[in-house]
Amino acid sequence: MNTASFPTAFGRCAIAWNDKGLTRFNLPDSDAITDEETLPPNWVVAVMTRVQRHFDGDLQDFADVRFDFSHVTPFQERVYTAALAVKPGETHTYGWLASAIGRGPAASRAIGAALGRNPWLLLVPCHRFIGANGRLTGFSAPGGIVTKQRMLALERSELPLAVAPL
């Protein structure tokens, strides 16, 4: 696996890729990428630069990034692709996302589970999804809900009034 890490205003992030696209993106304090670093190609450097700009407050939309979906299930790919439609500053419920992929509200838990396994945190914006009651719910990145709150605040999202208990 080709990997590189780079500094951002949020901390040191890491990215992994292959010829098909990005295979992983990690927020700071994650140990998921441990291989030796590789000099990234220009298209990966461009994504890294956009991440730096995003964390500097110049909000970016990553829907055009090339992702390698070959290592996720077809259901997860549908969830991640639909999640890319939610732009910085917006939040939606897991039920909204279920509807966006043609599923009913009963699929909300499966949606949440898929987002919890998102290998492209930030780039596929799983942090922009909240519970039906308006509460922030789990976030699989280091720092959990606190990191989710920080990312939503950076994106100037209207934050829910209540946060689910940790």
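Two strands are said to pair if DSSP finds at least two bridges between them, and helices (H or I, at least four residues) and strands (E, at least two) are themselves DSSP runs, numbered from the N terminus. With those terms in place, Ala-16 has Arg-24 in β3 as its bridge partner. The structure described here is a predicted model, in which local features need pLDDT of at least 70 and side-chain atom pairs count only at pLDDT 80 or more, while totals for chains, interfaces and linings use all residues. Residues are numbered from 1 along each chain as its sequence is written, and side-chain values use heavy atoms, with hydrogens and water left out.

**Overall form**

- The chain contains 5 helices and 5 strands, and their order along the sequence is β-β-β-α-α-β-α-α-β-α.
- The radius of gyration, taken over C-alpha atoms, is 15 Å, which agrees with the value near 15 Å for a compact globule of 166 residues, where the globule rule is 2.2 Å times the number of residues to the power 0.38.
- Along the principal axes, the C-alpha atoms fill a box of roughly 45 × 30 × 25 Å.
- Of the contacts in the chain with a separation of 6 or more, 59% are between residues 24 or more positions apart, a contact being heavy atoms within 4.5 Å.

**Surface and charge**

- Of the 166 residues in the chain, 47% are buried, where buried means under 20% relative accessible area, exposed means over 50%, and partly exposed lies in between (1.4 Å probe, protein chains only).
- The accessible surface of the chain is about 8,100 Å², and carbon and sulfur atoms hold 52% of that surface; the areas come from the Shrake-Rupley method with a 1.4 Å probe, and for residues only the protein chains shown count as cover.
- There are 16 positive and 15 negative side chains, and the centres of the two sets lie 8 Å apart, with Lys and Arg counted as positive, Asp and Glu as negative, and His and the chain ends not counted.

- Strand β1 (residues 2-6) runs antiparallel to β2 and is joined to it by 5 bridges, with Phe-6 standing opposite Cys-13.
- The hairpin of β1 and β2 has 6 residues between the strands, and Gly-11 in its turn has a positive phi of about 125°.
- Strand β2 (residues 13-17) pairs with β3 in the antiparallel sense over 4 bridges, and Trp-17 stands opposite Leu-22 in β3.
- The hairpin of β2 and β3 has 4 residues between the strands, and Gly-21 in its turn has a positive phi of about 155°.
- In a regular strand the side chains alternate between the two faces of the sheet.
- In β2 both faces are covered, with Cys-13, Ile-15 and Trp-17 buried on one side and Ala-14 and Ala-16 buried on the other.
- Strand β2 is largely enclosed by the rest of the structure because 5 of its 5 residues are buried, and β3 (residues 22-26) is mostly covered, with 4 of its 5 residues buried.

**Two residues in their surroundings**

- Arg-50 lies in helix α1 (residues 42-55) and counts as buried because its relative accessibility is 17%.
- Beyond its neighbours within four places in sequence, Arg-50 is in contact with Gln-60, Asp-61, Phe-62, Asp-64 and Val-65.
- Leu-59 sits in the loop between α1 and α2 (74-83) and is partly exposed, at a relative accessible area of 24%.
- Not counting residues up to four places away in sequence, Leu-59 touches His-54, Pro-88, Leu-154, Glu-155 and Arg-156.

Definitions and conventions: Charge placed at Lys NZ, Arg CZ, Asp CG, Glu CD.
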